[in-house]
2 protein chains.
Amino acid sequence: MSVRTAFFISDGTGITVEAFGAAMLKQFAIPIRQVRIPFVDSVDKVYQIIKQINQTMETDGIKPIVFSTMATPEVAKVLHDNVKALHFDMLKMIVDPLEKELGMESNHYVGRFSDTAQSKSYQQRIEAINYSLEHDDGQSSRNLEIADVILVGVSRSGKTPTSIYLAMQYGIKAANYPLIPEDFERHTLPPALKEFRSKLFGLSIDPIRLSEIRNERRPGSRYADLLNCREEVAAAEAMMRREGIRWLSTTTKSIEEIATTILQELKPDRLGTESA
Amino acid sequence: MSVRTAFFISDGTGITVEAFGAAMLKQFAIPIRQVRIPFVDSVDKVYQIIKQINQTMETDGIKPIVFSTMATPEVAKVLHDNVKALHFDMLKMIVDPLEKELGMESNHYVGRFSDTAQSKSYQQRIEAINYSLEHDDGQSSRNLEIADVILVGVSRSGKTPTSIYLAMQYGIKAANYPLIPEDFERHTLPPALKEFRSKLFGLSIDPIRLSEIRNERRPGSRYADLLNCREEVAAAEAMMRREGIRWLSTTTKSIEEIATTILQELKPDRLGTESA
């Protein structure tokens with residue numbers, strides 16, 4: 001069977017339409033080669049892209065699939081009129097009914113981030129990334145009062161990627177703090193965290209998976225030993241239960257799922273999203 | 001004017017449909033309250049959500065907008081038949097024409113990441129995040145040979161968020177290395193980087209913006225002084241030109257734009273994306 005090609009075309013980065021289109025194509029269990037083409041913001045550029053797509057039709061021997069979001073009507077129209085493909089003009093499909101419902105014309109906003117880069121919410125994301133990096137792995141107990149959430153859990157339970165994802169995606173200041181054998185011996189939370197109990201969220205993990213992950217880092221170590229992993233996980237879960245900390249198991253969850261669940265539980269104030 | 005509410009509803013995290021729908025709503029210069037509702041994967045849950053949406057219609061006094069992606073046909077149908085809203089059933093809008101074109105039925109894959117979390121490309125993303133954190137700000141010169149890209153530039157030119165974004169979004173192992181006054185005095189690249197010239201990509205920034213950013217960190221310091229920023233940026237740009245390093249200015253660009261441009265220029269091998 002010939003492999004289909006799917007193109008994601010945008011006058012901006014094309015990241016959003018690629019993520020969306022790829023999720024749609026996942027509904028079909030066939031191999032699809034995916035090509036993102038960003039910054040197609042002029043009639044000249046779109047003619048080049050049409051040539052490329054129509055050539056792909058010939059080399060593949062089968063119609064390509066095109067997802068596009070182009071806000072300039074004349075650029076979108078050239079693509080629509082000339083491309084030999086199953087073409088989803090996503091902007092048109094959504095914006096036309098929205099114009100009717102809202103009783104106003106769309107502003108043909110080209111999805112460039114240049115103005116976004118100066119916006120308040122963008123600056124907040126960058127600040128949150130810096131904050132989360134500075135508060136990774138219990139590096140700093142300073143300014144914990146301004147954290148939106150503090151993740152706790154044993155080493156390699158998924159705290160770092162989750163913190164960074166929360167910061168990058170939502171501008172959430174996410175600190176993270178390891179629970180270590182000394183905490184379990186003392187039977188208390190790390191002292192720095194005690195006054196921030198309402199911001200704490202725990203991550204746990206299946207000890208077998210934890211041992212695998214740790215073995216990749218430090219093969220054959222006590223740190224990675226399954227028995228040790230079992231003890232640490234049991235002690236951490238007992239502590240979280242005792243302290244009334246909400247927690248979830250990350251074993252079969254992606255960062256996106258973990259982050260979504262944390263947001264549902266904690267509902268940080270700063271998530272009252274409202275677009276302009 | 002009453003504020004509209006837009007709902008993004010999914011049987012998975014809803015992150016993709018939210019990003020897509022929010023980009024569409026940006027085409028209209030009106031305030032829209034945005035609510036993401038994840039994990040709606042049963043008929044029971046969808047009835048609860050319908051109640052919530054229909055109540056919103058009453059309190060807002062105006063029809064809500066609903067973007068949904070639900071792969072289970074019976075759940076999608078309940079929503080469609082009962083919701084009082086301008087409803088975009090995104091999956092249906094795309095999957096129906098795709099079924100026709102591909103000559104096959106969709107597999108009603110529910111967009112949960114549970115299986116994703118175990119996949120090779122997911123593991124690669126996690127590995128890349130760890131790699132990029134370990135190689136942030138020139139912390140380590142070990143294993144630079146396995147980097148996909150090494151970003152260079154003066155302090156606070158945008159290297160760290162870009163590296164982490166490349167890792168998180170694309171599984172790209174992105175190291176980053178500061179160019180510091182000592183390098184400029186010696187008139188050479190940091191010694192550790194010399195053998196990796198083909199992987200280097202430079203970030204520069206307008207000195208006025210740089211001075212603003214540095215002043216937030218260390219107000220009134222020589223580090224943040226505009227004259228010093230001018231000198232550092234000029235020296236860094238001269239060095240990048242001399243060494244034949246491709247570079248861009250980050251001043252008015254978002255992380256997404258910077259990352260997209262880097263990928264276009266460097267085309268790392270690992271980006272031969274092909275979905276199953």
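Axes of helices are lines fitted to C-alpha atoms over the stretch in contact, and the angles between their N-to-C directions run from 0 to 180 degrees. The exercises below apply this to a predicted model.

**Exercise 1.** Work out how helix α1 of chain A and helix α1 of chain B are oriented to each other, and which residues make their contact.

*Solution.* Two packed helices are described by the angle between their axes and the distance between the axes. Here helix α1 (residues 15-25) of chain A packs against helix α1 (residues 15-25) of chain B at an angle of about 135 degrees, while their axes lie 9 Å apart. Angles over 145 degrees count as roughly antiparallel and those from 65 to 115 as roughly perpendicular, so α1(A) and α1(B) are oblique to each other. The crossing in which α1(A) passes α1(B) is left-handed. On the side of α1(A), the contact is made by T16(A), A19(A), F20(A) and A23(A), and on the side of α1(B) by T16(B), A19(B), F20(B) and A23(B). Sorting the residues of this contact gives 6 nonpolar, 2 polar and no charged.

**Exercise 2.** Decide whether D183(A) is buried or exposed, and list its contacts.

*Solution.* D183(A) belongs to helix α7 (residues 181-186) of chain A. Because its relative accessible area is 4%, and buried means under 20%, D183(A) is buried. When its neighbours within four places in sequence are left aside, D183(A) is in contact with P178(A), T188(A), L189(A), P190(A) and M239(A).

**Exercise 3.** State which domains chain A is assigned and how far their centres lie apart.

*Solution.* The assignment gives domain 1 (4-102) and domain 2 (119-270) in chain A. Taken over C-alpha atoms, the centres of these domains are separated by 39 Å.

Key. Residues are numbered from 1 along each chain as its sequence is written. Chains are lettered from A and ligands numbered from 1 in the order in which they are written. This is a predicted model: local features need pLDDT of at least 70, side-chain atom pairs count only at pLDDT 80 or more; totals for chains, interfaces and linings use all residues. Side-chain values use heavy atoms; hydrogens and water are left out. Domain bounds come from an automatic or database domain assignment. Helices (H or I, at least four residues) and strands (E, at least two) are DSSP runs, numbered from the N terminus. Angles under 35 degrees count as roughly parallel, over 145 as roughly antiparallel, 65 to 115 as roughly perpendicular and the rest as oblique. A crossing is left-handed if the near helix is turned anticlockwise from the far one by less than a right angle, and right-handed if clockwise. Contact means heavy atoms within 4.5 Å. Ala, Val, Leu, Ile, Met, Phe, Trp, Tyr, Cys and Pro count as nonpolar, Asp, Glu, Lys and Arg as charged, and the others, Gly among them, as polar. Buried means under 20% relative accessible area, exposed over 50%, partly exposed in between (1.4 Å probe, protein chains only).
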